[in-house]
Each structure stands twice: as structure tokens, then as C-alpha cells.
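Me: I've got a structure open and would like to learn how to read it feature by feature. Can you walk me through it?

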Amino acid sequence: MSPLRCLAWLVALSSACFHPAFDRPRCGAARECPGGQVCASDGTCVPPVPPGTPDASAAPDAGEVPVDGPACYGTGIVRICLATLPSAPLAIAATTRIDTGDAGMCAQTISGADGYCVIAATSIAINTNVRVVGPKPLVFLASDMITSMAGTIVDAGSHHFAPGTPPDNGAGADPLGCAPGTPPSNGGGGAGGSFGGVGGNGGVGDNAGNGGVAGAATTAAELRGGCPGQDGEGAPADRGSRGHGGGAVFFLAASKIELAGNVLAAGGGGNQALRNAAGAGGGGSGGMIGFDAPTITVTGTLIANGGAGAEGASGNNAGRPGDDATSLTAAAGGRGGNLNGGDGGDGSAGAAAGSGGPGSKGFLGGGGGGGGGAGIVMAPAAAALGTKVSPAATR
């Protein structure tokens, strides 16, 4: 299989990286093989047995070479078959940024993860903060257990970004298939993004414009990130740009998951309108946090709330941006930057998969952006997630 690069900031292992490079056809010391092959019982590397082969685990006939079948994990919406069994533990001991668009960081899989990045190990210990970005959702997969220390943060959320600078989006945010809703007109504010909950509608602009109308909520059939809000109405240099949906992160372990740290997949706040009575941007919806293991205990905080909408411009007076969702309470909509621009709607919060708040009407100014709707937290019925969860888990 393709090598997973040894990254000093990512792994604290005493031996080697997950998938070392090889220059000969025999298995490595931990039964590793190159090119997606698996290690047979005679110590040579051979092609893997396809998933679902009826006799994959049966005893071989006389003269045949026994082959280890693929290692498959997962009982719910995420089921992944690895090309080889994990062979080493992973301890994340230094502040880490994982980019799911970097193929060298993702384990080789046979099925179930074409659209995901999988970090695989025998056990995964998260001992410091981890920032998760990139185009694909992230799956932490352990053939034994996954743990995290109290006070740590696994952050797959999207964050507010200043106008003119690149956004800092969580892994798998803004996927294709988000319901677009109806965009704003004549200085109206953009609606918030919808995912597990509906985004708030944008506020009406003073120029008899209409605020944006949010798209419908979505039932998740796969691991995916949250949806973006809408841009406010106005010239590109004047209007507020949308907040982005939260990313997606999934924890999958064959034995148990014990997280004392926090996990964020929160939506980003919308950007404020800058001038010419333009409308403000809507907040992004929350993303997705998922769990799958025989025993799951979480004492940290899980947040998949939507970001807040921003404030519209009044004449040439800029509004204020909407806040990111960073706690169990609702992210605050942009307000107070001027007298006449519409205020932004608050982001979703609470146990219910709630909607974002609506933006308000602009008086001599643009409409406020709507807040982002709730994301999704998904866990088996027996999982013990505690009370610091927003929204409540889908079982």
C-alpha cells in the first residue's frame, strides 16, 4: 500500500510509521505490504481477498497459500475495510493539523472510504489539540481503542474569516448536495445554512429587497459536513460573504472510545456587509460528529451548532460579523456596528436540532444574515455522551 509519511508532529511512536515503504516482496516486521497487498501466512505479499468473498475466512485447500482477508470495521453509516491490519499505536502528543486532502496522511482502504480520509492505528491517544481541515471528512479508526485527554480539542469546525482572506474550513465542509434555498435581493441578508436543522432566513433590505430563504434540512445517509450560508445581496466588494458549514469527524474503534476532551464540528459565522447598504452573510450550519464502538464514554463537550449571521451595512457604515459556534450556547448574531443595518440571526443551539435565528430588517441599510441550523451528533443508543452535547445525539 502507499506509504503514510512519518510526521514527527503527528505520531509519537518508538518504532516506525503506519505503512513503511518496501523494496522487496516479503512482508515487513509488522506484516506490512506495499501497493494495497496483504501479508499471507508464508510471509509474502499477495493481493487482498475482496470484501464479501464467501470463503474469505475458510481454511485453504491443500496447496493453496492462506491469505489474510481485509480488516473491516463499523456497524453504522461508516463501514471501512482496510488493506492491512493496523500494526502500531498512534499518540498525538504535539499540536497537530490534519489535512484530509493530503493522501499521504490517509490509510489505504479497500472499500467504504472513497470520500473519507482514514487515520488508522491499533490505538489512538489524543493528548493535545488537533485541527482537522481539508476536502474530506476524517475518520479516526482503531483496532483497539480511542482516547483523549481532558482539555484537548479536536476541532473540525469552520471559522470566521476576515473579508479578503481565505476561509479556514473544517474537514468535509460545504459538500455538494446542500439545498441552496432562495437567494436574497436588493440589499437583503443571506439565509443561514441548513443541515440537521434549518438555517434562519435573511433579513429584508431597506430597498424593498427580500432576505434569502434557507433550504430544507437534510437527513444524513453518510458522513458529511455542514452546509454554507448564503452571501448577502450587493456588489461583491460591498456585501457580506457566507459563513461555511462545520466539518465532519468520526471515531470508530473495535473495543472502546473514551473521550475526556472536546470535539467541535461547528459552523462558521457570516461576514458583515461593508458599505452601500448591502446585505450581510448568513452563518454556516453545524457539521457532523459520529461514534461507533462497543463501549463509548464521552465526558468532554460535543458541539455541532450553527454559526451566526452577520449585520448589514448602513450607508457606508459596515456591520459586525456573526460569531462562530464555540460553546453550548447560541453563537451571537452580528449587531451594534451601526444604527440602521439589520442585525444578524443567532446560530442554532440546544438539545433539539434547532434552526438558526432570522436576520432582521435593515432601516436605511441592508438586511442581517440568518443564523446557521444545527448539525448532527450521531452515536449508538448505548453510548454515554453526558449532557454537554449540542445538538442531542441521533441514536
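This is a predicted model: local features need pLDDT of at least 70, side-chain atom pairs count only at pLDDT 80 or more; totals for chains, interfaces and linings use all residues.

Me: Over which residues does pLDDT stay under 50, and how many contacts beyond four places in sequence does the model have for them?

Reply: General idea: pLDDT is the predictor's confidence in each residue, from 0 to 100, and a contact means heavy atoms within 4.5 Å. Here, pLDDT stays under 50 over residues 1-24, and the model has 62 contacts beyond four places in sequence for them. Residues 50-69 are also below 50, with 20 contacts beyond near neighbours in sequence. Across the chain, the average pLDDT is 87, and 84% of the residues score at least 70.

Me: How many helices and strands does the chain have?

Reply: Both are DSSP runs, numbered from the N terminus: helices are H or I with at least four residues, strands are E with at least two. This chain comes to zero helices and 21 strands. As for contacts with a separation of 6 or more, 68% are between residues 24 or more positions apart.

Me: How do I read a sheet, then?

Reply: Strands of a sheet pair through backbone hydrogen bonds, either parallel or antiparallel. Two strands pair if DSSP finds at least two bridges between them.

Me: Which residue in β10 is the bridge partner of D99?

Reply: That's V133. Strand β6 (residues 96-99) and strand β10 (residues 130-133) pair in the parallel sense over four bridges. Further along, three bridges join β13 (residues 153-155) to β16 (residues 262-264), and V154 stands opposite V263 there.

Me: Which residues form the covered face of β6?

Reply: T96 and I98 are on the covered face, while R97 and D99 are on the uncovered one.

Me: In what order do the five strands of the other open sheet run?

Reply: The order is β8-β11-β14-β17-β20, and the pairing is parallel. At the edges you'll find β8 (117-121) and β20 (376-378), each pairing on one side only. Inside that order, β14 (residues 248-253) and β17 (residues 288-292) run parallel and are joined by five bridges. L252 in that pairing stands opposite D292.

Me: How many aromatic pairs does a search of the whole structure find?

Reply: Rings of Phe, Tyr and Trp (its six-membered ring) pair if their centres lie within 6.5 Å; planes under 30 degrees apart count as stacked, over 60 as edge-to-face and the rest as tilted. The search finds two pairs. F140 and F251 have ring centres 5.5 Å apart and planes at 20°, so they are stacked. This pair links β11 (residues 138-142) with β14, 111 residues apart. F251 and F291 are stacked too, at 5.4 Å centre to centre with 15° between the planes. Together, ring pairs link F140, F251 and F291 into a cluster.

Me: Is F251 buried or exposed?

Reply: Buried means under 20% relative accessible area, exposed over 50%, partly exposed in between (1.4 Å probe, protein chains only). F251 has 0% relative accessibility, so it counts as buried. F291 also counts as buried, at 3%, and F140 is buried.

Key
Residues are numbered from 1 along each chain as its sequence is written. Side-chain values use heavy atoms; hydrogens and water are left out.
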